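Here is a friendly briefing to read alongside the model. Take a moment with the sequence and the fold, and then follow the topics below.

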Amino acid sequence: MYSFVTPVMRLVCGAVAVILVAWPGGTMANPESVRLSRIGETYFMAGRFEDALKNFEAAAAADPSRGNGEFYCGASLNRLGRFSEALARLDKAASAGCANPEMAFERGWSLLELGRFTDAIAELRAYDEKHAGRGKTSEFTGRAYLGLKEYKKARVKYYED
């Protein structure tokens, strides 16, 4: 039985590794990019956004044809208050075909902070249609309405559940 389990387990582990390394689009990701992205994600989740950004930048450089590293660079830059740079990275990610479900939220945040209130509202609405009930989305949309001096709409967004 041991001789049978070992080849089967190797096959299963190999299949799992292929699935973990495969990114959207059905092609294989650069293993170094995957490694750096995982390190970046750990830093990101710990609130260490400068460290996360460094790893995501290295991941994006290791596999420039993919938008995932660019997306996470943009998300990190948003949290660092570098909104113009964030939007540029998010746009680059979208151009590379990145379809991260948080893209509209991150773009909306950047646009809000850059004073592009109408564009921010459009992005945040698109995000809210797919992820209703996120308080930060309502807050950002309310702030965008305040920027447009649409106070009644802002109040509605601020008091949403």
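## Briefing on the predicted model

E139 is partly exposed, with a relative accessible area of 27% (buried means under 20% relative accessible area, exposed over 50%, and partly exposed in between, using a 1.4 Å probe and protein chains only). This is a predicted model, in which local features need pLDDT of at least 70 and side-chain atom pairs count only at pLDDT 80 or more, while totals for chains, interfaces and linings use all residues. Residues are numbered from 1 along each chain as its sequence is written, and side-chain values use heavy atoms, with hydrogens and water left out.

**The chain as a whole**

- The protein chain has 9 helices and 0 strands (helices are DSSP runs of H or I with at least four residues, strands are runs of E with at least two, and both are numbered from the N terminus).
- Along the sequence, the pattern reads α-α-α-α-α-α-α-α-α.
- Of the 161 residues in the protein chain, 39% are buried.
- Among contacts in the protein chain with a separation of 6 or more, 45% are between residues 24 or more positions apart (contact means heavy atoms within 4.5 Å).
- The accessible surface of the protein chain is about 9300 Å², and carbon and sulfur atoms account for 59% of that surface (areas come from the Shrake-Rupley method with a 1.4 Å probe, and for residues only the protein chains shown count as cover).

**Salt bridges**

- The structure holds 16 salt bridges (a side-chain nitrogen of Lys or Arg within 4 Å of a carboxyl oxygen of Asp or Glu).
- Side chains of opposite charge can pair when their charged atoms come close.
- One of the pairs is K136 with E139, whose closest N and O atoms are 3.0 Å apart.
- Both K136 and E139 belong to helix 8 (residues 135-147), where they sit 3 residues apart, about one turn of the helix.
- R82 and E85 form another salt bridge, with 2.9 Å between the closest N and O atoms.
- R82 is partly exposed at 28% relative accessibility, and E85 is partly exposed at 39%.
- D119 and R116 also meet through their side chains in a salt bridge, at 3.1 Å from N to O.
- Relative accessibility is 35% for D119 and 40% for R116, and each counts as partly exposed.
- Elsewhere, salt bridges link E57, E70, R89 and K92 in a network.

**Helix 6 and helix 7**

- The axes of helix 6 (residues 103-113) and helix 7 come within 8 Å and cross at roughly 160° (axes are lines fitted to C-alpha atoms, for helices over the stretch in contact, and angles run from 0 to 180 degrees between N-to-C directions).
- That makes helix 6 roughly antiparallel to helix 7 (the term covers angles over 145 degrees; under 35 counts as roughly parallel, 65 to 115 as roughly perpendicular, and the rest as oblique).
- Helix 6 and helix 7 have a left-handed crossing (the near helix is turned anticlockwise from the far one by less than a right angle; clockwise would be right-handed).
- Where they meet, helix 6 contributes A104, F105, R107, G108, L111 and L112, and helix 7 contributes F117, D119, A120, E123, L124 and Y127.
- D119 lies in helix 7 (residues 117-130), and its C-alpha atom is 9.2 Å from that of A144, 25 residues away along the chain.

**Helix 8 and helix 9**

- Helix 8 and helix 9 (residues 151-158) pack at an angle of about 170°, and their axes are 8 Å apart.
- Helix 8 is therefore roughly antiparallel to helix 9.
- The crossing of helix 8 and helix 9 is left-handed.
- From helix 8, S138, E139, T141, G142, R143, Y145 and L146 meet Y151, K153, A154, K157 and Y158 of helix 9.
- S138, found in helix 8, is buried at 8% relative accessible area.
- Setting aside neighbours within four places in sequence, S138 is in contact with K157 and E160.
- K149 is found in the loop between helix 8 and helix 9 and counts as exposed at 59% relative accessibility.
- The phi angle of K149 is near 60°, a positive value in a residue other than glycine.
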